[in-house]
Amino acid sequence: MLYPRETRTRECKDLSGIWHFQADPDGHGRSFKWFSKGLPCPILMPVPSSYNEITTDPQLRDYIGDVWYERYFYVPKDWSDRRVMLRFGSVTHSGTVWVNGEEIVRNKGGFLPFEADITNVVYYGQLNHLVVCVNNELSWEMLPPGEVSFHQDADGVSRKDLHQQHDFFNYSGIHRPVYLYTTPMTYIEDVTIKTSFEGHTGFVDYQVCISQQNPSFLSDSIVKVFLYDASGNKVAEGKGEIGKIKVQDVQLWNPGDAYLYRMSVCLYDEQHVEVDHYELNIGIRTVKVEGNSFLINGRPFYFRGFGKHEDMDIKGKGFDHALILRDFYLMEWIGANSFRTSHYPYAEEVLDIADRQGIVVISEVPAVGMLSKAVPAMGELEDVFHQEKINDKTLEHHIRVTRDMIRRDKNHPCVVMWSLANEASTMEENAEPYFRKLVDETRKLDDRPLMIVNLMLIEPKKCRVSKLFDVIGLNTYFGWYSEMANLKAASARLEQFLEDWHRTLGKPLMITEYGVDTIQGLHRQPPVMYSEEYQVSFFQAYHQVFDRLGYLKGEHVWNFADFMTKEDLVRIDGNRKGVFTRQRQPKMSAYTLKERWTAPAEIS
Ligand code: GCB
């Protein structure tokens, strides 16, 4: 699915703004036909945003079930000869959409875009009625998995509860921009590019997919692609739906030194009249795992950075350009070269900026909480890979969202690896066929390396799936969830744990999470848990081990910033493992990391 862009042949309208909104705890919306009659008692709600913390109503913050959104929009008269699309960047977790009373699309999965062709449903030059029903319930057949139960409130009303195994607040709503956009009736449906280079020559293998609506047109159509350098000079071109173009004196996309070419894709009819035009930025680079090395452009790459979240005050997981840019500038300031989109695909606009800033991204599917615990580093785990929990339907959904993520993100040079799960119960026997199928299906789609992120309770010999992956991520919290307040013991455990993994597997290992909850402004000398000094000491202790061992392929701190979780005894107004506060200001540890990550020897 191509990102909606304005080009010579396409137009785009952003439907962000204030919409009507109504929660539907009694399930009246469908039976009373709110989708055609409108919402009876709406309040105002911003889009994009989570709805949970916009009002002061505690029931809306913790609400589980259907909510409804509504707005009106015009479709210009002169759009009547084009294909009109309605596209949602994400709706968490499920959405059903009606235009002028007609259901046009349903989607399950809260972190990827979906769209519908509304050409024949809209009134041109007139107002159109748009209604969206959003549901935030989770089940074992969705990602992340969850379970809904009921409880009786003191007022006798039965209410829904959500049991979730993942450690972030279940923010819900229309989280990313909603676009109305046009394409010509015959249009460029998809573009896939693969890049490589030899010496000073770059190669771009491309494949353009044209819509199949008019087969007679297709036989005479001509596709041309043009490549422009960063100064706008044409440097190469190709003809045909599939081709390979050569770029002399190629400028590679490198981490920290991004170079982007602009690719212009044109579709002409037999009279050479341009029918459709699409543009995308591309970076020429290679990615490979070779033995124990992770190579970008043939050179070993060491990941320095963070696991992040899409999370902020008030907006929750609502898309916000200012916040996204602030995060990138902070990453630059601290010397980070990469991040993981823990624990779900982020807005595509984030990847656009990473492409431009030369920040390397590990893209993760929402496969988090595939185990029996919310804070998985603690306590015994029960089996979850069985018919009642993670079953064939979960796998089907997992394959689908992985495919959708790859389809969306495949052309971004910043994305160097796909992470297919975070802390699944990978020691279970049934986990093996599950992940084997998932890995097989994923490898058919793309050749980037695949990563699995393991929790620290899983010993290497007991993990049944790591052998299927190219890179193993390890989440380590010795000195926090175990060996509490004892960093000497924690370092020893960490070293032993990493040595075991290294000896057993012989594959590239990276630390995908390490960190401790830290309350900004809490100072204690000698350090105690939750103080800023303890976070600093913890990082220093871990870094000594990493440097001694020497074979790790990266260090991603947990977390970039504090983020909201559900309420819990171990969560003081959310998860406080951020190196930055939720308002994106540095804690003491940020300076420790900056010193390490900007030291000349560390720059690779
Ligand atoms: C983990 C999870 C992450 C949690 C973190 C923690 O291992 O992957 O989602 O937030 O631990 O802070 O407990």
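Predicted model: local features only at pLDDT ≥ 70, side-chain atom pairs only at ≥ 80, totals over all residues.
## Worked exercises: strands, helices and accessibility

Residues are numbered from 1 along each chain as its sequence is written, and side-chain values use heavy atoms, with hydrogens and water left out.

**Exercise 1.** Work out which strands pair with S28, and whether S28 is buried or exposed.

*Solution.* 
- Step 1: Strands (E, at least two residues) and helices (H or I, at least four) are DSSP runs, numbered from the N terminus.
- Step 2: Look for pairing, which takes at least two DSSP bridges between two strands. S27 (residues 360-364) pairs with S28 in the parallel sense over 4 bridges, and Val361 stands opposite Val415 in S28.
- Step 3: Turn to S29 (residues 450-454), which runs parallel to S28 and is joined to it by 3 bridges.
- Step 4: Check burial (under 20% relative accessible area is buried, over 50% exposed, partly exposed in between; 1.4 Å probe, protein chains only). In S28 (residues 415-422), 8 of the 8 residues are buried, so the strand is largely enclosed by the rest of the structure.

**Exercise 2.** Describe how H10 and H11 pack.

*Solution.* 
- Step 1: Take the geometry. H10 (residues 532-549) and H11 (residues 588-597) pack at about 25°, with axes 8 Å apart. Axes are lines fitted to C-alpha atoms, for helices over the stretch in contact, and angles run from 0 to 180 degrees between N-to-C directions.
- Step 2: Classify it. H10 and H11 are therefore roughly parallel, a label for angles under 35 degrees.
- Step 3: List who touches whom, with contact meaning heavy atoms within 4.5 Å. Among the residues involved are Phe539 and Phe546 of H10, and Leu593 and Arg596 of H11.
- Step 4: Sort by class. The contact has 5 nonpolar, 5 polar and 4 charged residues.

**Exercise 3.** Decide whether Lys488 and Thr201 are buried or exposed, and place each one.

*Solution.* 
- Step 1: Lys488 is in H9 (residues 487-505). Its relative accessibility is 74%, so Lys488 counts as exposed.
- Step 2: Thr201 is in S16 (residues 201-210). At 16%, Thr201 counts as buried.
- Step 3: Leaving aside neighbours within four places in sequence, Thr201 contacts Ser196, Lys246, Val247, Gln248 and Val250.

Technical notes:
Parallel < 35°, antiparallel > 145°, perpendicular 65-115°, else oblique. Nonpolar A, V, L, I, M, F, W, Y, C, P; charged D, E, K, R; others polar.
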